[in-house]
Structure formats: structure tokens, C-alpha cells
Amino acid sequence: MDIHHHIAQRLRELRGARGYSLDALAERSGVSRSNISLIERGESSPTAAVLDKLAIGLGVALASFFDDSADGGEGHESAAAPSPHIRAADQPQWQDPASGYVRRRLSPPAPSPLQLVEVVFPPGQRVALDSAVPGADIHQQVWLLEGRMELTVGDTLWPLAAGDCLAMQLNQPIVFHNPGTVPARYLVALAKVTPFAPLAPLLGLRSQPPVRVAAPTPPTARRKP
């Protein structure tokens, strides 16, 4: 499937799974109703900034638009389970129309809490993302393979040289900037942390309130008549 049609399908799925109308998502995201409609019909190629706004409005990570197994896509059954292997030639690519950066999803379609992405970022370009996903504990690490990058996480600027790695949580704005004269290439690892479930539900048992055991009452001393 073409990447633009894939994004359109994922947007429809994510919006439908949350029961949002076009007007509701427009109000939550700040993206116009007409623009959302064009994206869902595959008639508009959204920028990274627009996708980020839609992701925030839907309460998901931006990567959800490129992930087959993200929220909202689990209701579709297929004859075969998603493969744990993907060839390099089959890894989907997407190019941001505004900055020209290219995003390649490296991870196979099989469900996993970890996702790997390769990015080639043009020289002199800058992309600002809100990246604050409500209620989601999503962590990201950026490992710079070639070139130079400057990442501003919140109010902190982090200059990266080849070989450097930066960890962050997607709960604050992030600005990506390539200050160099050559493209930068980096690996992004995304992981969603979920709290451990109680033991009883994992075992298929019904959770019961704790039972209090009364301490044994000492025998009452006999009084002599």
C-alpha cells in the first residue's frame, strides 16, 4: 500500500476507534475539518507538524500513523499472523513535504512494544513537534549515525555528533535541527512502557479483597469457685 494511503487509513482507524467526528478531531487537534477530510481521502500529503497535531488530538504517538499494530488497527483480522521479519526493500518510507526529511520504518509488522525508525535529515532544516502524548509513557532514544544534529527537548539544547545517543520521554516539545552542511542520519528507538498488571488477572483469576484472619483469642482463665 502507498504510504499516503496507509496514513489515510490509519487516521480513519484511529479516529473511528475513539468515536471522534471530523469536527471533534478538528477541535482537539487544531487542524481544520477540511484538511483532515482531505488527508483521510488520501488527497493531501500532511507535513510532520500536521501529523503531530493530529496525534496529540488522538492521544497517540506520531509513529502510530506508520505502525500497522498501533491503537485502532487491532480490530482487523487477517488470515496469517503479522510477520516478525521484514526485508529492507519492503520497509515503508515517508518524506515530510515541508522539511524533506525521510523516515523509514525498520520494524517488522509483528506487534512489539519497541519500534525502530531510520531518519535522513537534510542540512539546514528544522522540525518542531509538540510530542506531548497525554497519559502515555513513551520513551525515545536517538542514536546519530552520520552528520550533526541539534535536539531541543523542552528548554534544553543537546548538540549531537556522530555516535552520540540521546534519551527522552515524549511528554514535552522537541525540535529537530540539522546545523550542518550534509544530511544527518540517525536511528530512533521508541518504546511504550505500560504498568504491570495485577497477578490475579494475568492468571485468569478473579481478584478478591484481602481476607483478614483474626488472631487466636487466648483461653479465658478459669476462676476458682
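User: How are H1 and H4 oriented, roughly parallel or roughly perpendicular to each other?
Analyst: This is a predicted model. In it, the axes of H1 (residues 3-18) and H4 cross at roughly 20°. Angles under 35 degrees count as roughly parallel, so H1 and H4 are roughly parallel to each other.
User: Within what distance do the axes come?
Analyst: The axes of H1 and H4 come within 11 Å.
User: And which residues make the contact?
Analyst: On H1 they are Ile-7, Leu-11, Leu-14, Arg-15 and Arg-18. H4 supplies Leu-51, Leu-54 and Leu-58.
User: What's the handedness of the crossing?
Analyst: H1 passes H4 in a left-handed crossing.
User: What does Met-149 touch, leaving aside neighbours within four places in sequence?
Analyst: Its contacts include Phe-121 and Tyr-186. Among the others are Leu-144, Trp-158, Phe-176 and His-177.
User: What about the whole protein: how many helices and strands?
Analyst: There are 5 helices and 10 strands. Of the 225 residues, 36% count as buried.
User: What share of the contacts joins residues at least 24 apart?
Analyst: That share is 65%, taken among contacts between residues at least 6 apart in sequence.
User: Last one, what's the accessible surface?
Analyst: About 13500 Å², with 56% of that belonging to carbon and sulfur atoms.

How values were computed: Residues are numbered from 1 along each chain as its sequence is written. This is a predicted model: local features need pLDDT of at least 70, side-chain atom pairs count only at pLDDT 80 or more; totals for chains, interfaces and linings use all residues. Side-chain values use heavy atoms; hydrogens and water are left out. Contact means heavy atoms within 4.5 Å. Helices (H or I, at least four residues) and strands (E, at least two) are DSSP runs, numbered from the N terminus. Buried means under 20% relative accessible area, exposed over 50%, partly exposed in between (1.4 Å probe, protein chains only). Accessible areas come from the Shrake-Rupley method with a 1.4 Å probe; for residues, only the protein chains shown count as cover. Axes are lines fitted to C-alpha atoms, for helices over the stretch in contact, and angles run from 0 to 180 degrees between N-to-C directions. Angles under 35 degrees count as roughly parallel, over 145 as roughly antiparallel, 65 to 115 as roughly perpendicular and the rest as oblique. A crossing is left-handed if the near helix is turned anticlockwise from the far one by less than a right angle, and right-handed if clockwise.
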